[in-house]
Amino acid sequence: MRYGVKLSRLLMLFLLVAASLLPRQAPAQDAAETQRPNIIYIMADDLGYGDLGCYGQQQIQTPNIDRLAAEGLRFTNCYAGSTVCAPSRCALMTGLHTGHCLVRRNWLLPLRPQDVTVGEVLQEAGYGTALIGKWGLGEAGTTGAPNKQGFDEFFGYLNQVHAHNYYPEFLWHNGQRHPLDNVVVRPARNPNSQGGVASRREDYSHDLFTEAALRYVDEHRQGPFFLYLAYTIPHANNEAGRQGMEVPSLEPYADKDWPEPQKAHAAMITRMDRDVGRLMAKLKELGIDERTVVLFTSDNGPHREGGADPEFFNSSGPLRGYKRSMHDGGIRVPMIVRQPGRIEPGRTTDHVCAFWDFLPTAAELAGADAPEGLDGISFVPTLYGGQQPRHENLYWEFHESGIHQAVRHGRWKAVRKGNVDAPLELYDLSVDLGEQNNIAAEHPKIVQEIEAYLETARTPEVRLEGAER
């Protein structure tokens, strides 16, 4: 009996030793963690569809972003959330179009506790989350502050007026003012304005954002992390008049026979391109390039402010309109997505998507559940290959001197300007990309279909006390 027990113990010991000599497999949870990619979302501010070489730009140098496109996937039918800053960013963060999301005006309106953001979804999925750059969806101490909306780390501008100035006296870091070595002159008519023009220029905010992004990636190399890098280039400093394209150097365009604002505009874009290249180099240096999905886009079409002339560089490309227009020049934007080893390089897709698709896309990449009731559809199948669900309609509305509306319905684009009772303009984008020929009278059935959709496309706007322009 004792012999049998001893033999059993020896056999068990042998099996344990043998098992210890076998190749070890990582726990299933650890394996799953390594498959979840880091996500970096880089967003320019007022960069036009035609401002990049990979989208047809002939004069402004963007070699690093062009390489991003060559190594990844280039979208030709990606739309911003709106034609201006705050509502576009609201659609991006919440997965709701501007007929349903809270912010539909370019006002200082804070997100509410019930508004669920991309940051919150990824934070709950175990991601480290950071926002560096421009927020625009809630001031310090409000329910819309970034640290209350899913971001562990925030460094940048809280609102779009403060973000006009590239040489501010301070930036925000997690709810606290981070002082800079700039001196700002406030406009006499509005001394409390958060805007203004610097009389002493030492710290260029864009450069600070790049350094902060590089540090964050370095410190969170183990991942998974979500970095929302919301650059302000090439937005103008509206308070600076025709000198509003603020940049430390006009290189490499200083010797060009161009107006000064156009030199500065081009220099800003090329500076941003340089820093996108630095960030890509950092991913390779850290060995996390292949497990990081990088997306690059712009929040809306090109502007005409600060001395900028979008026609000088053909910034809208073949599209009609600029920032604040519901034509495609105001809302169709570049979109590039790259992940070496997973996304086939050098491809172009005509898949029609919009900013509200990012939340469900990020959730699927992270293996997380997206909130119910979103307007967005994940475009992960387009990235990796697979059956891609498509939108029947995309909808925008923008409130400025009335309600402006637009609908993308297959190849059709409808625009209504200033009044919900105004007649619809209709364009066939398959043959009229520049929206030059209003053919509403020739296609009453299509107009009727879009009108029927518009009856259900929006909920009443929420008006909150304390909202500022």
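The side chain of Arg36 reaches the backbone oxygen of Ala125 at 2.7 Å, and that of Ala366 at 3.3 Å. Both are polar contacts, meaning pairs of N or O atoms within 3.5 Å in which, within protein, one must be able to donate a hydrogen and the other to accept it; residues adjacent in sequence count only if both atoms are side-chain atoms. This is a predicted model, in which local features need pLDDT of at least 70, side-chain atom pairs count only at pLDDT 80 or more, and totals for chains, interfaces and linings use all residues. Residues are numbered from 1 along each chain as its sequence is written, and side-chain values use heavy atoms, with hydrogens and water left out.

Arg36 lies in the loop between helix H2 (28–35) and strand S1 (38–44). Helices (H or I, at least four residues) and strands (E, at least two) are DSSP runs, numbered from the N terminus. Because its relative accessibility is 15%, Arg36 counts as buried (under 20% relative accessible area, with a 1.4 Å probe and protein chains only). Leaving aside neighbours within four places in sequence, the residues in contact with Arg36 (heavy atoms within 4.5 Å) include Tyr127, Pro224 and Leu365.

Confidence is expressed as pLDDT, the predictor's confidence in each residue, from 0 to 100. The protein averages a pLDDT of 92, and 91% of the residues score at least 70. Over residues 1–34, however, the pLDDT is below 50, and this stretch has one contact in the model beyond near neighbours in sequence.

Conventions:
Buried means under 20% relative accessible area, exposed over 50%, partly exposed in between (1.4 Å probe, protein chains only).
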